[in-house]
Amino acid sequence: MPGPTGRVLTLLELLQSGGTRTVAELADRLGVEGRTVRRYVDQLLDLEVPVESVRGRYGGYRLAPGYRLPPLMLSDDEALAVLLGLVAGRRAGLTPEHTASETASAKIRRVLPKHTARRLDALLESLDFTDRPGEAATPDTGVLLTVTDAVRHRRPVSIRYTDRDGRGSERTLHPYGVVAHSGRWYVTGRDAGIGEDRTFRLDRVADARTLPGTFEAPAGPAPAQRLLSGFATAEYRHEVTVRIQGTPEQIRARLPAGIATLEECEPPTGTDGRWLRVELRAERLEWLPATLASLDRPFVIERPDELRDRVTAFAARLASFARST
């Protein structure tokens with residue numbers, strides 16, 4: 001049976017799990033009487049842990065938001081979940097600052113019991129990933145928090161942005177949402193200067209300031225869908241249109257929404273079944289013949305002619321490989 005100090009820490013852990021805990025419930029979990037629970041609560045209050053007393057039929061105790069974070073009490077499962085989340089987020093490029101995830105991991109591991117720390121170290125050392133670590137293109141934490149607060153409260157923001165060609169500009173943005181995609185952070189919204197929807201990479205935003213006023217978010221696609229649609233229709237060197245026989249699920253397996261748009265179309269003469277017109281834009285065409293072949297579906301190239309030539313050459317090359325001994 002733990003001593004009084006251990007039971008006070010257990011009480012804190014129970015309260016940190018959220019919600020209101022009745023005195024009877026806490027007394028049962030701690031193996032003490034109700035008046036002892038109240039004495040332990042007083043000890044937490046003496047340590048400036050913000051515990052609130054809730055009156056009424058379903059009353060009891062709960063943690064209130066305090067001016068500082070109370071000591072964290074993590075179980076083995078909770079510590080593992082936090083550390084794995086930090087590792088995965090760092091690899092995927094989703095932690096705003098690399099050093100922040102490193103120092104957070106170090107703090108958690110430093111206060112863990114030795115047996116728990118050894119078990120977690122063994123897991124993390126033996127863990128491997130099939131994907132490559134994400135590129136370091138993380139946004140400034142202050143920029144990210146300013147923009148997300150503006151999204152929540154529908155406030156315009158002024159941003160200093162540098163595009164992919166290195167040109168800097170000042171923009172006034174009505175932000176609809178923040179999206180994490182392929183190891184980068186983006187904000188979608190209306191560029192008030194040109195009156196059009198735009199997507200900006202947050203790691204290219206040098207400064208963000210909240211402006212007076214509010215705006216109404218438009219109805220329509222969610223921010224993630226706006227982002228993917230913007231990628232699929234962005235200006236590139238080649239505009240490609242291909243009709244493919246198959247279902248959206250079959251085509252999306254190789255041409256996701258961030259690359260291509262789909263729409264129903266009439267089947268080519270002499271064919272039947274379901275056909276979809278696939279439109280995409282690409283800076284280079286070298287990857288498309290192999291991608292179309294991997295679909296293993298009948299297709300008709302509408303444009304450009306260069307893609308048709310590349311597919312023919314790709315097919316001939318595969319046939320020569322098959323004939324070789």
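How much space lies in the largest pocket? The largest pocket holds about 800 Å³ of space. A pocket here is an open set of points on a 1 Å grid over the protein atoms alone, with protein on both sides within 12 Å along at least five of seven lines. A cavity, by contrast, is a set of points where a 1.4 Å probe fits but cannot get out. Lining residues have an atom within 4 Å of a point. Grid points are joined across faces, edges and corners, and a volume is the space filled by probe spheres set on the points.

The model is predicted: local features need pLDDT of at least 70, side-chain atom pairs count only at pLDDT 80 or more, and totals for chains, interfaces and linings use all residues. Residues are numbered from 1 along each chain as its sequence is written, and side-chain values use heavy atoms, with hydrogens and water left out.

The largest pocket is lined by 24 residues. Y161, R198, T199, F200 and A234 lie nearest its centre. Strand 4 (168-181), strand 5, strand 6 and helix 8 (223-232) each give two or more residues to this lining. Helices (H or I, at least four residues) and strands (E, at least two) are DSSP runs, numbered from the N terminus. By class, the lining of the largest pocket has eight nonpolar, five polar and eleven charged residues. Ala, Val, Leu, Ile, Met, Phe, Trp, Tyr, Cys and Pro count as nonpolar; Asp, Glu, Lys and Arg count as charged; the others, Gly among them, count as polar.

Two of the residues nearest the centre of the largest pocket, Y161 and F200, also form an aromatic pair. A search of the whole structure finds one such pair. The geometry of Y161 and F200 is edge-to-face, at 4.9 Å centre to centre and 75° between the planes. Rings of Phe, Tyr and Trp (its six-membered ring) pair if their centres lie within 6.5 Å; planes under 30 degrees apart count as stacked, over 60 as edge-to-face and the rest as tilted. Y161 lies in strand 3 (residues 157-162) and F200 in strand 6 (residues 196-201), so the pair ties together parts that are 39 residues apart in sequence. Both Y161 and F200 are buried. Buried means under 20% relative accessible area, exposed over 50%, and partly exposed in between (1.4 Å probe, protein chains only).

Two strands pair if DSSP finds at least two bridges between them. Strand 5 (residues 184-191) pairs with strand 6 in the antiparallel sense over six bridges. T188 has T199 in strand 6 as its bridge partner. D197 also lies in strand 6. D197 counts as partly exposed, at 31% relative accessibility.

A further open sheet has four strands in the order 9-10-8-11, with antiparallel pairing. Strand 9 (260-265) and strand 11 (299-303) stand at the edges, each with a single partner strand, so one side of each is left without a neighbour in the sheet. Eight bridges join strand 8 to strand 10, which run antiparallel. H238 stands opposite A282 in strand 10.

A282 also lines the second largest pocket, together with residues including H181, F231, R281 and W287. About 280 Å³ of space lies in this pocket. Helix 8 and strand 10 each supply at least two residues of its lining. The lining residues of the second largest pocket divide into seven nonpolar, two polar and three charged.

The structure holds one cavity of 30 Å³ or more. The largest cavity has a volume of about 30 Å³. V240, V242, L255, V278, L280, L288 and L292 line the largest cavity. Strand 8 (238-245), strand 10 (275-282) and helix 10 (288-295) each supply at least two of its lining residues. By class, this lining has seven nonpolar, no polar and no charged residues.
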